[in-house]
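Have the viewer open and follow along.

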Amino acid sequence: MSYKADLKNIPIELIDRNPENPRIFFRQEEMEQLYVSIKNKGLLQPIAVYKDKDRYVILDGERRYKTFLKLNYPTIPAIIQDKPSVLDNLLLMFNIHSTREQWDIFTIAMKIERVLLLLKDNNGKEPTEIELSEETGMTRGVIRRCKMIIALPERFKEMLRIDLEKPKKEQVFSEDFFLEMENSLRAVGNNFPETISNIDKVRDVLIKKYLSKIINNVTDFRKLTKIATAPNKLEIPRSKIEQSLNSIFADNSISIENVYRETVESLYGDRVITNNANNFLVKLELLSKQDLYDNDLRDALIRIKNQIENLIKD
Amino acid sequence: MPYSFLHPDLHSIANITKTRLEQKYNIRITDFEKGFESNVEYSPTFFGKTNSHYILCEVSTRPFPIQIKSIYADIQNQNIPVKLIVAYPDEIQISARDLQTDITNAKNFGIGLISVKSNGTLTIHSDPISIPLFLPQASIGLNTFHSKFKHLIEDAYSVYSNGNPKHGVQELGQIIEQVIRNLAIQARRLGHYTNGVDPNLPGSPFATIIDNLIANGIINVAFLNRARAYAEDRNGASHRINSLKKSLIQEQKYKLDFQTGLRILSEIPNIFSNGKNNFKYKIVVI
């Protein structure tokens, strides 16, 4: 991309927000600080705009533009660039704003969806994760999370969109809720597909349980993953896990936390101790008699030996 | 949504405050985040206009946000009759100490304060004082006045600041009149004041008493002339205010009158101790 740019003072009423830049609200205190800074020191960096017929559209500097409006200034210094293509405009918004202003993952996901379509149109094939990462400046991890949001059924996306527009304290859901839920349902699908044959119904139940605080925390979904993958790692019958998953996915007051505690928590605990004991044994085998001249080490080993003897005796 | 600068968390506070101010001032508010005067570098969260004042409201997270001081100074420099109000959430995110400092600062500038709870309950903590009218308490220098009328000045300042500047000015005038009448009584008793009306008589016109004090050479003539002019001026008729311009002229006059009254009162100890033939008269408030 190359741009021709002019610096001009533009009447503020001729400027429009960029439709590709989602409406992001910045902390009130930050805006007030910017107000004081611009008032006392002036505008240190002009905004960037492109001309669209008789008006101008912001490429970079929405906060400064809003502050100029608040300051009741009639004009604003702006660098005028060529009008970009739809794809270039979108990619510019990504590269200028997404990292600096911390767009939320839902906003990024909605934009990524459009970038995907436009890149596919331009290049004749869907971009890979690496290509998408290079074009947008997002990490592959973020892109994967976005794809998970994109794959959500429309009604859940709408639910999330409406919630994210509310003030922070009134928000019930977060992208994390859906990401954690979808991750765990993917694990369930890989191991017990029959339990989520009607996955939308399962999502509805889980959302209902979250709203009624039966599921207390979004991280409970990680326990759901552990339950679903337990037969691969622990000695536990599949039928028991299947029964447990069905009880979580039924419209009742059974929580993930309770099922986890009653079915696999102690087994996972044992597994952790066994793994640690094996690792410890490997380290022990590497010790020489000379190492035991270290009194601290020697004392610790004696304490462990005594504890093990006590346990075995009991 | 009329707000672009204001964070969405504060929108409901703005809307609730707007409704209350519309009722309180009997105005309709339709301007949001727009400039109210082209030469003031500020667009309030919203504003309305009465016959005599702009009512400006800034919604923020605290009672004395960082930008408010410079906003206040700009409006003051432009001489516009403005009442400035800050509305903020009751469940405030700053320490109790910072909150108290904010509230004190806001009151020192005559800024009205409104807090709104998350359940929508609104509390008016203080009414705004029109900016051209406002005299900071520190500028009064209350402690520099004679103890006999310090508390009376404090009362007059309170009346002046709390929406009745005319009566505040009149109260200062009454103090001046009482002290000077008593001076005349003292002078008459001492035989310094031999010609003129009896100041003991309740109906004796104040202007005539001053004329007689001048004729008898009791105290500094220029001071007496200022006191007479002040007394005559404060009794002048007040006019109906139906424009911002008239309101501004009147408020500037009230402020000047209040300051003049204070100056006259501050001169009294010195003037009274340099009376006829270096005589020291007592300061008595009847």
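**Where chain A meets chain B**

Start at the boundary between the two chains: 21 residues of chain A are in contact with 28 residues of chain B. Keep in mind as you look around that this is a predicted model.

How much area do chain A and chain B bury between them? It comes to about 2200 Å², with 55% of that on carbon and sulfur atoms. If you wonder why an area is quoted here, the size of an interface is often given as the accessible area lost when the parts come together.

The rule finds three salt bridges across the interface of chain A and chain B.

Which elements of chain A give two or more residues to the side that touches chain B? Those are helix H1 (28-41) and helix H2 (62-70). H1(A) gives the most, with eight residues. Sorted by class, the side of chain A that touches chain B has nine nonpolar, eight charged and four polar residues.

Next, turn to the inside of chain A and find helix H6, residues 140-150. Its buried residues are Ile143(A), Cys146(A), Met148(A), Ile149(A) and Ile150(A). And what covers them? The cover includes four helices of chain A: H4 (105-123), H5 (129-136), H7 (154-165) and H8 (175-191).

Methods: Residues are numbered from 1 along each chain as its sequence is written. Chains are lettered from A and ligands numbered from 1 in the order in which they are written. This is a predicted model: local features need pLDDT of at least 70, side-chain atom pairs count only at pLDDT 80 or more; totals for chains, interfaces and linings use all residues. Side-chain values use heavy atoms; hydrogens and water are left out. Buried means under 20% relative accessible area, exposed over 50%, partly exposed in between (1.4 Å probe, protein chains only). Contact means heavy atoms within 4.5 Å. Buried area is the accessible area (1.4 Å probe) that two parts lose on being put together, summed over both. A salt bridge is a side-chain nitrogen of Lys or Arg within 4 Å of a carboxyl oxygen of Asp or Glu. Ala, Val, Leu, Ile, Met, Phe, Trp, Tyr, Cys and Pro count as nonpolar, Asp, Glu, Lys and Arg as charged, and the others, Gly among them, as polar.
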